Amino acid sequence: MHLVAIAWLYVAIMMAAAEATHTNGSVLGAIITFLLYGLGPVALVLYVLGAPARRRAIRRREREEFERQRVQQPDGSDGTRVVSAAQAPNPPPPPPDPESRP
C-alpha cells in the first residue's frame, strides 16, 4: 500500500514540476497541483484505509489494560475484589435537616 502512495506522490510531483516549468504555468499553480492532486488524496486514502488497524490497536490496548487490572486484583476469580465489613470505609454522615433548626 505504501508503494502505491509513494508512486502517486511521485506522479504528483512530476505534474507540479511540469506546471512550474511551463511557459504559462506558475509556482503557485504547481503548489496547488501538488496539494490537490497529490498530498490531499494520499493523506485521505491512507487515513481511511488505516482505520481498521487503529481500531485493532485500541482494542488491544484496552484488552491489555483490562488484563493488567484483573491480575492486580488480590481476591476473586473474576477480577472483583472482596471487601469485608471491617475493611469497608464508613459512609459520610447525612447532611443536617434544614427543617430541624430552632
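The exercises below, each with a worked solution, concern a predicted model.

**Exercise 1.** Find how helices α1 and α2 are oriented to each other, and which residues make the contact.

*Solution.* 
Step 1. Helix α1 covers residues 2-21 and helix α2 covers residues 27-49. The two pack at an angle of about 170°, and their axes lie 7 Å apart.
Step 2. Angles over 145 degrees count as roughly antiparallel. The angle therefore makes α1 roughly antiparallel to α2.
Step 3. On the α1 side, the contact is made by A5, W8, L9, A12, I13, M15, A16, E19 and A20. On the α2 side, the residues are G29, A30, T33, F34, Y37, G38, L39, P41, V42, V45 and L46.
Step 4. Sorted by class, this contact of α1 with α2 has 16 nonpolar, three polar and one charged residues.

**Exercise 2.** Find how α2 and α3 are oriented to each other, and classify the residues of their contact.

*Solution.* 
Step 1. Helices α2 and α3 pack at an angle of about 40°, with axes 4 Å apart.
Step 2. These two helices are therefore oblique to each other.
Step 3. Helix α2 contributes Y47, V48 and L49 to the contact, and α3 contributes A51, P52 and R54.
Step 4. The residues of this contact of α2 with α3 divide into five nonpolar, no polar and one charged.

**Exercise 3.** Name the residues of the nonpolar surface patch and the helix that gives the most to the patch.

*Solution.* 
Step 1. The patch is formed by M1, W8, L44, V45, L46, Y47, V48 and L49. Together they have about 760 Å² of accessible area.
Step 2. Helix α2 gives the most, with six residues. One patch member, L46, is found in α2.

Definitions and conventions: Residues are numbered from 1 along each chain as its sequence is written. This is a predicted model: local features need pLDDT of at least 70, side-chain atom pairs count only at pLDDT 80 or more; totals for chains, interfaces and linings use all residues. Side-chain values use heavy atoms; hydrogens and water are left out. Axes are lines fitted to C-alpha atoms, for helices over the stretch in contact, and angles run from 0 to 180 degrees between N-to-C directions. Angles under 35 degrees count as roughly parallel, over 145 as roughly antiparallel, 65 to 115 as roughly perpendicular and the rest as oblique. Contact means heavy atoms within 4.5 Å. Ala, Val, Leu, Ile, Met, Phe, Trp, Tyr, Cys and Pro count as nonpolar, Asp, Glu, Lys and Arg as charged, and the others, Gly among them, as polar. Patches are made of residues with over 30% relative accessible area and no salt bridge: like charges are joined within 9 Å, nonpolar side chains (Val, Leu, Ile, Met, Phe, Trp, Tyr) within 5 Å. Accessible areas come from the Shrake-Rupley method with a 1.4 Å probe; for residues, only the protein chains shown count as cover. A salt bridge is a side-chain nitrogen of Lys or Arg within 4 Å of a carboxyl oxygen of Asp or Glu.
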